[in-house]
Amino acid sequence: MAEVQTIAEATAHFGAILEAQAARVAKVRQSPPPTDFSALETIRIGIIGGDGIGPAIAAEAQRLLEELLAEQVAAGKVEFGTIEGLTIENRAAQGKAIPDDVLADIRTYQVTLKGPTTTPEQGDGWPNIESANVAMRKELDLFANVRPVRVPRLGIDWTFFRENTEDLYALGSQGLTLGDLNIDFRLISRPGSERIIRAAFEFAQANHKDSLTVVTKANVVKTTDGAFLDAARKVGADFPEIPWEGWYIDIMTAKLVDEKRRTAFGVMVLPNLYGDILSDEAAEFQGGVGTAGSANIGTEFAMFEAIHGSAPRMVTEGRAQYANPGSMIRASAMLLSHIGLPALGQKLDQAMDLCSQYEKKIEMTGRDTGATSREFGDYVLETMRSADLESRWQAAVDAEAAAAT
Ligand code: IPM
Ligand code: MG
């Protein structure tokens, strides 16, 4: 944030932003090819506990990952490590979204599993540093935020491709104040839009989805959203077998609630802030943000996390041990697929489906009326270990389909 006194100062501030962003966009144009995990001698997985409820729910996900990857760890193919210091206390003390030594450590891992981290806002007592999530997405160029939401009972099978490095987030900490006037900057670049839209189309193609929805407000926000929509026209031409439609964010938000319309949506691609908002709404149908995982993918690095925050209220109210680790477990399943082990990811997802949607032998309520994170972790572990996991899962899916007809 910059407080300026004159229009000349404001213009200089804006000029510096333009220079830095032009350099960033030039780099996006030349980004390296994606990591080939099968060619790596060792895949390093870094665990970042975060703060608030983060360490407790990250620990549960780590336990499951370690069990699933025991063979790979024994063979030296996978290595786990812990990344310390990405806590609000340390970040505040150092006055940095991500302290330098922590960032250097993060860069030694190709993939990380990250617990939520507190994001300060103006006036909440913490220094107003940038969100660690946002900083990490920018630093590691994790441009694709992939957020699946599935509720088979309701016929919902959505995957959101949220652009993760641009839009209002890119310069969210670099707005300016001139007297009573406050301005934030929104930026959307052509290569930045094309790469996320291409990722969405490629996903649709690989998963045999027959449509794609591009969400903007291009009728009003003409320059930036207009460019995003234009990028969709260009990239879409490379995927003639996947028809796509443009929708406006306001009506899209409404139509996710429309039972008749919403099951027609599959893959959605959107600029950063719309994606942030719409994916929270979507997760609510699945049981809330506590149930949703999120992948932040770049060409060199990837980070997997919950879609929600660190829930400081749960901690101050003494309820941290009742936090739902579901989001982090779903994120772990995505991590497994990302490093080339989709069968293990599927196993974890099936165990999660049984525990959180079908069999539900224990309930998470976020308080002492329900199970603790540890108890839920044990439940998923035991379900995942059972020899008849696959058939139990299939039976539950079939029973639900039969009930629906
Ligand atoms: C998310 C979160 C973050 C975001 C916050 C914590 C900065 O809401 O991952 O969706 O807005 O991106
Ligand atoms: Mg969000």
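Which residues of α6 are buried? I looked this up in a predicted model, where local features need pLDDT of at least 70, side-chain atom pairs count only at pLDDT 80 or more, and totals for chains, interfaces and linings use all residues. Residues are numbered from 1 along each chain as its sequence is written, ligands are numbered from 1 in the order in which they are written, and side-chain values use heavy atoms, with hydrogens and water left out.

Entry on α6. I find A132, N133, V134, A135, M136 and R137 buried, that is, under 20% relative accessible area with a 1.4 Å probe and protein chains only. At its N-terminal end I note S131 as a cap, with a side-chain oxygen 3.1 Å from the backbone nitrogen of N133.

Entry on ligand 1. I list T119, S131, N133, V134, R137, R147, R162, Y169, D276 and I307 around ligand 1, each with a heavy atom within 4 Å of it. Helix α6 (residues 132-139) gives the largest share of this shell, three residues.

Entry on contacts. I looked for pairs of N or O atoms within 3.5 Å, and found an oxygen atom of ligand 1 at 2.6 Å from a side-chain N or O atom of Y169, and one at 2.8 Å from a side-chain N or O atom of R162. A polar side-chain atom of D276 also lies 2.8 Å from an oxygen atom of ligand 1. Taken alone, ligand 1 exposes 320 Å², of which the protein buries 82%, by the Shrake-Rupley method with a 1.4 Å probe.

Note on methods. A polar contact is a pair of N or O atoms within 3.5 Å; within protein, one must be able to donate a hydrogen and the other to accept it, and residues adjacent in sequence count only if both atoms are side-chain atoms. Helices (H or I, at least four residues) and strands (E, at least two) are DSSP runs, numbered from the N terminus. Buried means under 20% relative accessible area, exposed over 50%, partly exposed in between (1.4 Å probe, protein chains only).
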